[in-house]
Amino acid sequence: MSEKELGKKLDRCLADSAVKLGAGLGLGIVFSVVFFKRHTWPVAFGLGMGLGMAYTNCQNDLRAPYLIQRNIKVSNATKY
Amino acid sequence: MLRVCLKGANSAARKCLCGNGVPLHPLQQCRSYTSGGSGSSAGKIVAASVLTVGGGVGGTILYANWDPKFRANVEKSIPYSDQVFGLALGPAAPPPVINKPRKVEPVQISSMSEMWKDSKQPKAKEVEKKAEQPDAEGPPAPAPQETLEAAAKCTECEHEPAVKERPEGEVAARLAEQDKAEQDLLTSLSSNLEDALGSTAKVTLQAIGAQEAALQAIAQHTRQLREAMEAEAPPDKKSTQWRVLEDALSERSRSVDEAGAAVLKAKAELDKLRGVIDGAKHLKIAAARPSILAAEENLHSMVVDLDSVVTRVQTAQSEAKIVSQYSELVNEAKAQFQKELNSITPEIQANWKGLTGKLTQDDLNSLIAHAHRRIDQMNRELAEQRVREQIHIDSALEQQKLEDKKALEVAVSTALEHNREQMRLEQEKKVEETREVMEAEMRTQLRRQAAAHTDHLRDVLKVQEQELRSEAEEILNSSLMEKETEYRRLTQDQLDSFTLDMNAAYARLKGMEEAIDSHVIAEEEARKAHQLWLSVEALNYTLKTAALNDPTEPLEGAVQAIKESCAEDEFAQALATALPSESLSRGVYSEASLRARFYAIRQLARRVALIDETRNSLYQYFLSYLQAMLLFEKAQEAPPAKLSAEDLDTFKLLSYAAYSLEHGDLELAAKLVNQLKGESRRVAQDWLKEARLTLETKQVVSLLSAYANAVGLGTTMAP
């Protein structure tokens, strides 16, 4: 059903964002602890990266139907 | 624009060339190609185009001048080109007309018939001219060709030649008759001749034999007489001698008479033979000539023999006469002496020779005196005789001369006649020979002529035969065709009348059958309509089995039933197949479920109302959600009759659709939902599809039921 699609996408978004955030947080913490002497900025950085990735993914997912694919040839408009 | 294009082309060319790493030359070429062309390029192009067009037109005109077919094609395809061509080249030459050879055949036929007539006429003339050739086919041949008067004329012609010439068959018959008659005559003649010859020969031989016998008898008699005269025999022998002599004499006379009679008979036969030969000669049959000649020769020889024998007999007779005269004289003398002696010596007996011993002296003296007296008498007579000798001799000589002359004349005449006869026979023989030779020659010549004639006749007959045959065939064919057409016409008439009757009966039968069939058909139709109606009702019922949020059962079974029930009904079949496949396989949603579903759709569509192709970031989503929360529209609004541009707003459309749905108009709702754009449209897509399916199915089903009702109504209405 097409009406359920949006809901599914949003669910995916959320799940993805959660994963990304978590992953960003984790990596941030790891980096902060391992490389950056427990500064908070890698965590923030990681979180931010995670959020950004999630956002972009969600956006792309939501945009997907409107993207023009490269392998589809656009015919000449001047034909008719 | 041109410059822009050129520049674009330039840059593109440069880019691609530079991109490929090609050396500088083409670039330079490219450059030189494009460097000097800006100012006069337009003029050049114009000039080039003018030249091309002019060349094309001129070439077309030249070629059209040379090839008229091409000209015609161009005139046909391009309008107003014929005027251009007319101006340039002048009017087109008219196509050469192919005249059919009309009306040549009748002329030929007439000329042929004339030739035929002409050929007939000289032939007819020939027939009339040539009197010798029996030409019976000539007159009858033109008769069937020409008219009655010509036929009459020709019959006249037929009569005319009959005078001069007879028809061949008659001639042949005549000739055959003649030949046969000749043959008969010949055979009879030859038989006659042979008979006559035979009899004559026999008789002549008999005569000759008789003459020979007479000759023999005369000779014998003469000899015997002489012997009797001269011989001195004793008296008894003398009497036998005399008796023998008498016998011989009688025999001689008898044989002479016989010979005479035989000669007469022979002469009569000879005359008869001569008469037969003359008769044969009168008949003038050529073939008999040799036999006639032979008969004549035979006759002549017989005559000759007979005459010779007769002369021999005559000479013998004359000799015999002399001898008999001599014997008579002697006898007379003897008788005289005896008488004298008797007168002197009466007592002496007859056979005085035996009396030499008995005679007395007186007797002897008287006898001697008588003898002396007799001697004196004899001497005197002798002297007288000697004196009269010469006169007697002369008279005798004269007599003899006369007789000799007569005999000579007779002999000469007979010899002459014989000779004449001989010569005549020889001449006739020669004539016969020459005639034969001539006849043989003539026969060969005639044969040659006959051969030539037969050849000519053969040719003429062949030609005539062919002509007659073709004529007869023509006549036969024409009469046959006439008869055939007549027959065909009659049979056709019969056939037509029969066909008419049959058609009428058949039509009636057909009418009856059709009435029955139509009844059957009507009933069948009624049954089918009923069945169809039942199956459509079943379909309707299946449509009602839709539970909320679940589609109906698959319509396939019902549709199958419909298809089976209306196998021949094309309309129903078409309708049955027009059902969408999803409805068959999966079933359709009911209107209520669609309606329920619509509200969820509506909510969602409101939320994503701002999203479309251009606006589809996450931020826009947020804004769209905000809008949906803040914007309030009527829940249901009656849609106007015409949608204007501002009515195409998502919210308005949704309220229109809700209104229509509430009022049961799924179709209008679907139409309105169809006007959504962007993400709202995408969201409502499934619903729209389902709505379409349902609408379609409902439409088809309603049509089917209407149709079933109509058919049922129609069948019940049928008489």
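Helices here are DSSP runs of H or I with at least four residues and strands are E runs of at least two, both numbered from the N terminus. By that count, chain B has 20 helices and zero strands. Keep in mind that this is a predicted model, where local features need pLDDT of at least 70 and side-chain atom pairs count only at pLDDT 80 or more, while totals for chains, interfaces and linings use all residues. Residues are numbered from 1 along each chain as its sequence is written, chains are lettered from A, and side-chain values use heavy atoms, with hydrogens and water left out.

**Chain B overall**

- Of its 719 residues, 26% count as buried (under 20% relative accessible area, with exposed being over 50% and partly exposed in between; 1.4 Å probe, protein chains only).
- The accessible surface of chain B comes to about 49,100 Å², and 59% of that belongs to carbon and sulfur atoms (Shrake-Rupley method, 1.4 Å probe).
- Take the chain B contacts with a separation of 6 or more: 69% of them join residues 24 or more positions apart (contact means heavy atoms within 4.5 Å).

**Helix pairs in chain B**

- Two packed helices are described by the angle between their axes and the distance between the axes.
- Axes are lines fitted to C-alpha atoms, for helices over the stretch in contact, with angles from 0 to 180 degrees between N-to-C directions.
- H3(B) (residues 41–66) and H4(B) (residues 68–77) have axes that come within 5 Å and cross at roughly 125°.
- That makes H3(B) and H4(B) oblique to each other (under 35 degrees is roughly parallel, over 145 roughly antiparallel, 65 to 115 roughly perpendicular, the rest oblique).
- On the H3(B) side, B:Thr60, B:Tyr63, B:Ala64 and B:Trp66 meet B:Pro68, B:Phe70, B:Arg71 and B:Val74 of H4(B).
- For H16(B) (residues 591–607) and H18(B) (residues 650–662), the axes come within 11 Å and cross at roughly 170°, so the two are roughly antiparallel.
- Residues making that contact include B:Phe598 and B:Tyr599 of H16(B), along with B:Phe651 and B:Leu654 of H18(B).

**A buried serine**

- B:Ser624 sits in helix H17 (residues 618–630) of chain B.
- B:Ser624 counts as buried because its relative accessibility is 0%.
- Leaving out residues up to four places away in sequence, B:Ser624 touches B:Arg606, B:Arg607, B:Val608, B:Ala609, B:Leu610 and B:Ile611.

**Helix H1 of chain A**

- A:Ile29 has its place in helix H1 of chain A.
- With a relative accessible area of 40%, A:Ile29 is partly exposed.
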